[in-house]
Amino acid sequence: MSIIEQINSETVTQVDFKILFPEVGLDLGQDEEWCEIMVGTARRRIRFHDYRDIYDIPGLYERLFYDKLKCVSPRVIRTQLAQVLAERETEPAELRVLDVGAGNGIVGEELRELGAGAVFGIDIIEEAAAAAHRDRPGVYDQYLVADLTDLAPDQRDTLVEADLNTLTTVAALGFDDVPPQAFAAAYNLISTPGLAAFTIKEDFVTARDASGFSELIRRMFAGEVICPLARQRYRHRLSVQGEPLYYVAFVAEKFGDIPSDWLD
Ligand SMILES: C[S@@+](CC[C@H](N)C(=O)[O-])C[C@H]1O[C@@H](n2cnc3c(N)ncnc32)[C@H](O)[C@@H]1O
């Protein structure tokens with residue numbers, strides 16, 4: 001029986017697992033980080049970007065990123081969004097949100113607590129949707145497993161009929177996660193005017209990076225596609241070596257769609 005099967009099997013649901021980090025001094029990039037899960041004497045290595053494996057183990061995502069590595073991004077974006085809404089005298093209930101890279105629903109839960117009127121989730125892997133339904137049932141009005149750059153007609157219809165006016169995407173842009181093309185497709189599904197609230201690693205906006213985000217975001221702000229309402233640099237989480245990883249959180253007003261030729 002694999003460790004994941006063991007943890008999920010009825011006989012050992014009460015059995016706890018330990019999380020072990022790599023030895024100090026191992027120089028791992030953020031997209032190379034891993035931990036080991038230990039159940040009894042059995043160990044299994046899991047890369048942080050192997051979300052399928054992480055979501056399959058109930059509680060692992062929260063223990064790993066929130067308890068051990070002190071991730072604060074969903075709370076930061078909720079607080080920033082709440083401040084912007086208060087300044088604009090907009091009721092949270094007016095928000096009809098598309099949460100991109102929704103994972104197991106932590107951002108959706110924050111949005112519900114904020115009072116959002118509707119929350120739709122989208123993620124590219126089945127395991128994320130399954131974990132959201134398992135861990136936070138009812139948080140999303142609907143949760144789609146889909147590739148935003150290749151939506152099936154019924155998926156597109158669902159999102160158009162949802163009458164979305166706000167985009168959120170937290171800790172999901174860049175690396176091998178949501179690419180600029182998928183971000184643009186989601187952004188263009190939001191009404192104009194609308195709101196976009198997202199977090200992104202600071203290197204992806206302040207430096208020339210290979211992900212394409214720094215160029216896209218620069219053009220969006222310069223081209224009056226979007227207007228920043230709030231911007232905050234903050235510590236997203238710690239690395240496995242205990243170093244701070246800085247991100248930038250934006251809440252911005254949408255003024256227009258991202259032209260498709262910007263993504264060529
Ligand atoms: C670090 S997790 C963040 C999850 C959640 N936003 C949170 O803050 O807890 C990144 C998520 O992005 C999803 N993802 C990666 N590429 C994607 C894509 N092209 N479209 C939608 N979701 C994607 C992953 O499956 C994963 O669930």
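Because the model is predicted, local features are reported only at pLDDT of at least 70 and side-chain atom pairs only at pLDDT 80 or more, whereas totals for chains, interfaces and linings use all residues. Residues are numbered from 1 along each chain as its sequence is written, and side-chain values use heavy atoms, with hydrogens and water left out.

Domain 1 brings 23 residues to the contact and domain 2 brings 21 residues, where contact means heavy atoms within 4.5 Å. About 1,800 Å² is buried between domain 1 and domain 2, and carbon and sulfur atoms give 52% of this area. Buried area is the accessible area (1.4 Å probe) that two parts lose on being put together, summed over both. Of the area that domain 1 buries against domain 2, 36% is supplied by Q30, R52 and Y55, more than by any other three residues.

E33 is paired in a salt bridge with R237, with 2.8 Å between the closest N and O atoms. The count of residue pairs in polar contact between domain 1 and domain 2 is 10, both residues being at pLDDT 80 or more. A polar contact is a pair of N or O atoms within 3.5 Å; within protein, one must be able to donate a hydrogen and the other to accept it, and residues adjacent in sequence count only if both atoms are side-chain atoms. On the side of domain 1 that touches domain 2, α2 (51-56) and α3 (60-68) each supply at least two residues. Helices (H or I, at least four residues) and strands (E, at least two) are DSSP runs, numbered from the N terminus. This side of domain 1 holds 14 nonpolar, 3 polar and 6 charged residues. In this classification, Ala, Val, Leu, Ile, Met, Phe, Trp, Tyr, Cys and Pro count as nonpolar, Asp, Glu, Lys and Arg as charged, and the others, Gly among them, as polar.

The whole structure contains 18 salt bridges. One of them joins the side chains of R47 and D50, at 3.7 Å from N to O. R47 is partly exposed at 32% relative accessibility, and D50 is also partly exposed, with a relative accessible area of 32%. Here buried means under 20% relative accessible area, exposed over 50%, and partly exposed in between (1.4 Å probe, protein chains only).

A further salt bridge pairs R78 with E110, whose closest N and O atoms are 2.8 Å apart. R78 belongs to helix α4 (residues 73-88) and E110 to helix α5 (residues 106-114), so the pair ties together parts that are 32 residues apart in sequence. E110 is buried, at 9% relative accessibility. R218 and E215 form another salt bridge, with the closest N and O atoms 3.1 Å apart. Both R218 and E215 lie in helix α10 (residues 213-222), 3 residues apart, or about one turn of the helix. R218 is partly exposed, with a relative accessible area of 47%, as is E215, with 29%.

Salt bridges with shared partners join R75, R78, E110 and E113 into one network. E113 lies in helix α5 and is partly exposed, at 49% relative accessibility. Leaving aside residues up to four places away in sequence, E113 touches R75 and R78.

Some backbone features remain to be described. Most residues other than glycine have a negative phi, and most peptide bonds are trans. The peptide bond joining T192 and P193 is cis, with omega about -5 degrees, and P193 is placed in the loop between α8 (180-187) and β8 (194-201). F175, in the loop between β7 (166-169) and α8, has a positive phi near 50 degrees and is partly exposed, with a relative accessible area of 26%. E224, in the loop between α10 and β9 (226-238), has a positive phi near 60 degrees and is exposed, at 61% relative accessibility.

Technical notes. A salt bridge is a side-chain nitrogen of Lys or Arg within 4 Å of a carboxyl oxygen of Asp or Glu.
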